[in-house]
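Here are a few exercises to work through with the model open beside you. Try each task before you read its solution.

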Amino acid sequence: MSNSSNSELQERLSQVKLLALDVDGVLTDGGLYYTDSGEELKKFNVKDGQGIKLVMQAGVEVAIVTTSTSNATLHRAKKLGIKYAFIGIEDKLTVLKKLCEDLSLSLSQVAYVGDDVVDLPIMRVVGCPMTVADAMPQNKACAIYVTQLNGGAGCVREICNLLLTIKSEVVEAGFIK
């Protein structure tokens with residue numbers, strides 16, 4: 001799907017009501033950082049954070065769904081105002097389906113960004129599967145859009161900017177979000 005036409009991408013993005021994100025390799029560079037005492041640290045990109053805030057202001061819900069159990073993710077989600085942060089999730093698709101049910105959304109209204117094979121079950125069923133420049137080849141093959149930037153290097157902001165452009169075009173055309 002990575003070679004989808006621009007009009008197909010725009011159409012799918014116009015349907016997005018929920019942006020769901022993996023963490024390691026998407027919101028971070030995928031590196032594991034440890035202090036001498038064994039505490040795990042994560043480096044998040046401030047531009048990604050600003051993009052997330054902007055899409056939430058534009059009416060798009062944002063969720064984090066990760067297999068990682070790092071509390072740093074919960075701290076970042078709280079700081080950004082993300083209401084839906086799920087850590088330590090082995091079956092991401094089940095969690096995402098439940099969230100969609102709770103929000104009265106269909107999977108076709110979800111953009112999901114995942115970089116590794118654990119994300120493929122979700123990417124295969126959402127309306128707008130996306131991945132990052134340094135993702136696994138299987139993820140790139142499944143995605144309708146592959147970012148120009150690597151995970152943790154502003155790739156989420158790149159996706160947020162696409163969503164914001166589409167949302168503003170819809171508003172300017174006189175449609176209601």
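**Exercise 1: a residue and its surroundings**

Leaving aside neighbours within four places in sequence, T131 is in contact (heavy atoms within 4.5 Å) with V113, G114, D115, M123, N139, K140, A143, Y145, V146 and T147.

A note before you go on: this is a predicted model, in which local features need pLDDT of at least 70 and side-chain atom pairs count only at pLDDT 80 or more, while totals for chains, interfaces and linings use all residues. Residues are numbered from 1 along each chain as its sequence is written, and side-chain values use heavy atoms, with hydrogens and water left out.

Task: find where T131 sits, and decide whether T131 is buried or exposed.

Solution. Start with the secondary structure, where helices (H or I, at least four residues) and strands (E, at least two) are DSSP runs, numbered from the N terminus. T131 belongs to strand β7 (residues 128-131). Next, apply the burial cut-offs: buried is under 20% relative accessible area, exposed over 50%, and partly exposed in between (1.4 Å probe, protein chains only). With a relative accessible area of 0%, T131 is buried. Finally, look at the side chain of T131, which reaches the backbone oxygen of G114 at 2.6 Å.

**Exercise 2: helix α2**

Task: check the span of α2 (residues 46-57), then work out which of its residues are buried.

Solution. The expected span of a helix is 1.5 Å times one less than its number of residues. The buried residues in α2 are D48, G49, G51, I52 and V55. Seen down the axis, these fall within an arc of 160° (taken from the directions from the helix axis to the C-beta atoms), so they line one face of the helix. On the other side of α2, V46, K47 and Q57 are exposed. To finish, inspect what follows the helix: just after α2, G59 takes a positive phi of about 100°.

**Exercise 3: the cysteines**

Task: how many disulfides does the structure hold?

Solution. A disulfide is a pair of cysteine sulfur atoms within 2.5 Å. Searching the whole structure finds zero. Take C100: the closest cysteine sulfur, in C128, is 13 Å from its own, too far for a bond. C100 is also buried, at 2% relative accessibility. Then take C142, whose nearest cysteine sulfur, that of C128, is 11 Å away. C142 is buried too, with a relative accessible area of 13%.

Notes. Polar contact = N/O pair within 3.5 Å; in protein donor to acceptor, adjacent residues only side chain to side chain.
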